[in-house]
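Dear colleague,

My notes on its surface and its charged pairs follow.

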Amino acid sequence: MSSSGDEKQGATTNHPRSLSRSEYDLQLDGVKENALLRKLDLHLLPAVSLLYLLSFLDRSNVANARLDGLTTDLHMTGNQYLTSLTLYFIGYVLFEIPCNVILKRTTPRLWLPTLTMLWGVVATLMGVTQNLSGFFAVRFFLGVTESGLFPGVVFYLSMWYKRHERVYRVALFFSAASLAGAFGGILAYGIGKMSGVGGLNGWRWIFIIEGILTVLVALTAYLFIYDYPSTAPFLSEPERCAIQSRLAADSDATAAEPFSWAAVGHALKDPECWLYGLTFHTLSLPLYTLSLFLPSIINALGFTAANAQLLSVPPYALATILTIIIAVVSERLQRRAPFIVGSSLLAVIGYAILIGNKDPTGRPGISYLGTFFAAGGIYPATALALSLPAMNVVGQTKRATATAMQISVGNLGAVLGTQLYRPATAPRYVLGHSFALGYMSANVVVVSILWWLLARENARREAIAPGAKLDDGEEPLKNSGDVRWRFNT
């Protein structure tokens with residue numbers, strides 16, 4: 001499956017294969033590869049995962065605030081609350097590609113902490129807004145300021161790790177989303193007890209405290225976010241050379257590629273990039289409706305608001321564990337699509353349970369069980385799907401654009417999803433659960449088609465250039481249209 005608009009020249013990489021233990025311990029200029037990977041993981045993953053945990057916490061804590069009096073104090077109807085959720089994703093979708101363009105033209109150390117600072121300020125403002133129009137405005141700008149983090153970090157990691165190593169790291173990074181859901185429930189339960197302090201209701205303190213926490217972390221992030229291997233101070237010169245050697249034999253991450261609007265255009269014209277977007281689109285509606293409405297879904301089963309906050313924690317905890325386990329297994333087997341399909345089918349079972357329970361208040365345990373299946377399927381599938389452009393798109397600017405495109409196209413599903421869980425449909429929420437079930441089923445179809453197309457293209461190229469490698473030839477790696485490039489499925 002070649003990229004439209006790309007030239008058909010340039011050397012390309014071979015399809016990554018599973019490494020043996022002896023190969024994994026290979027010495028590169030005196031540097032052990034496995035020790036180097038551990039060092040990179042220690043310095044990179046905790047930092048970006050913390051930022052994403054705060055990002056997901058600040059976008060989804062509105063679900064917890066709703067149970068602590070948000071809609072009552074702002075005289076907000078149920079549908080107006082849904083509108084506030086929609087406005088967030090409109091801002092998010094509109095500014096994702098521009099944010100990744102800015103990242104490419106600046107540096108991660110400058111751009112990622114600055115974004116964090118900006119959304120922390122906006123998140124704090126949600127706690128002091130006094131009317132509906134003000135709340136609408138801050139939700140929109142929260143989407144704008146958060147839009148650049150996830151696609152930016154996915155691109156950022158692609159500049160440090162080999163292709164087959166990126167999936168596991170992106171999945172670990174994304175697991176912060178489900179972890180945020182778990183922490184969000186616990187924090188909301190505790191912070192909600194502050195109702196009345198300073199004359200403010202509990203929902204205001206949820207936004208204020210979590211927003212200020214984000215600002216404080218952003219101030220320190222300028223110190224612990226690094227740019228690229230060539231300038232990272234925690235690396236020795238032999239380690240820089242080792243990273244250069246590893247990446248040069250695997251992808252274009254070491255190429256000195258200037259920003260190019262033509263590369264942005266190539267991404268926008270490439271059907272492959274749009275297909276990656278559709279893969280996430282079919283996941284984003286269930287992902288965000290669950291994160292934004294899980295406390296309300298549990299509350300509608302007959303549990304008190306405080307208990308609903310706590311009961312939202314276990315499904316997210318399961319999702320975090322499964323995301324990490326599936327990411328590890330996926331990396332070892334060098335397969336993504338089968339695990340995405342399997343995880344999506346698990347979520348399908350969850351939503352089937354939720355829809356099938358015709359008396360959720362009389363049998364709340366059945367519906368609560370369904371939330372475990374839903375969360376346990378959605379998060380692992382999403383983590384793997386979001387790594388696909390980082391593995392398969394050639395060209396740094398094009399890859400940054402394709403990653404942002406995937407999130408933008410995907411989050412159009414979230415825009416629709418925010419309008420589905422209407423108060424009038426409680427406690428069964430048949431409309432919302434049915435859409436989520438349909439989207440998860442569609443994801444199985446889309447990923448299966450993508451899997452077949454890429455595998456067929458790999459087979460075609462293998463027949464033309466058997467065992468081709470990146471260093472077969474003298475031309476530098478330029479695009480994914482060359483027959484020596486292999487897609488990762």
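**Nonpolar patch and salt bridges**

In this predicted model, Leu179, Phe183, Ile186, Leu187, Tyr189 and Leu310 make a nonpolar surface patch of about 470 Å². Helix 8 (residues 163-191) supplies the largest share of that patch, namely five residues, while Leu310 lies in helix 13 (residues 305-311). Leu310 counts as partly exposed because its relative accessible area is 34%, a value between the limits of 20% and 50%.

Turning to the charged side chains, a search of the whole structure finds eleven salt bridges. One of them joins Arg246 to Glu33, with the closest N and O atoms 2.6 Å apart; this pair links distant parts of the chain, since Arg246 is in helix 10 (residues 237-248) and Glu33 in helix 2 (residues 33-67), 213 residues apart. Both Arg246 and Glu33 are buried.

Helix 2 also holds Arg59, which is linked to Glu146 in helix 6 (residues 132-146) across 87 residues of the chain, and the side chains of Glu146 and Arg59 meet in a salt bridge at 3.1 Å, N to O. Glu146 counts as buried because its relative accessibility is 0%, and Arg59 likewise counts as buried, at 2%.

Within helix 19 (residues 430-464), Glu457 and Arg461 lie four residues apart, about one turn of the helix, and they form a salt bridge whose closest N and O atoms are 2.8 Å apart. Both Glu457 and Arg461 are buried. Elsewhere, salt bridges that share partners join Glu33, Lys162, Glu165 and Arg246 into one network.

With best wishes

Technical notes
Residues numbered from 1 in each chain as written. Predicted model: local features only at pLDDT ≥ 70, side-chain atom pairs only at ≥ 80, totals over all residues. Heavy atoms only, no water. Patch = residues over 30% accessible without salt bridge, like charges linked within 9 Å, V, L, I, M, F, W, Y side chains within 5 Å. Areas by Shrake-Rupley, 256 points an atom, 1.4 Å probe, with all protein chains shown as cover. Salt bridge = Lys/Arg side-chain N within 4 Å of Asp/Glu carboxyl O. Helix = DSSP H or I, 4+ residues; strand = E, 2+ residues; numbered from the N terminus. Buried < 20%, exposed > 50% of the residue type's maximum accessible area, 1.4 Å probe, protein only.
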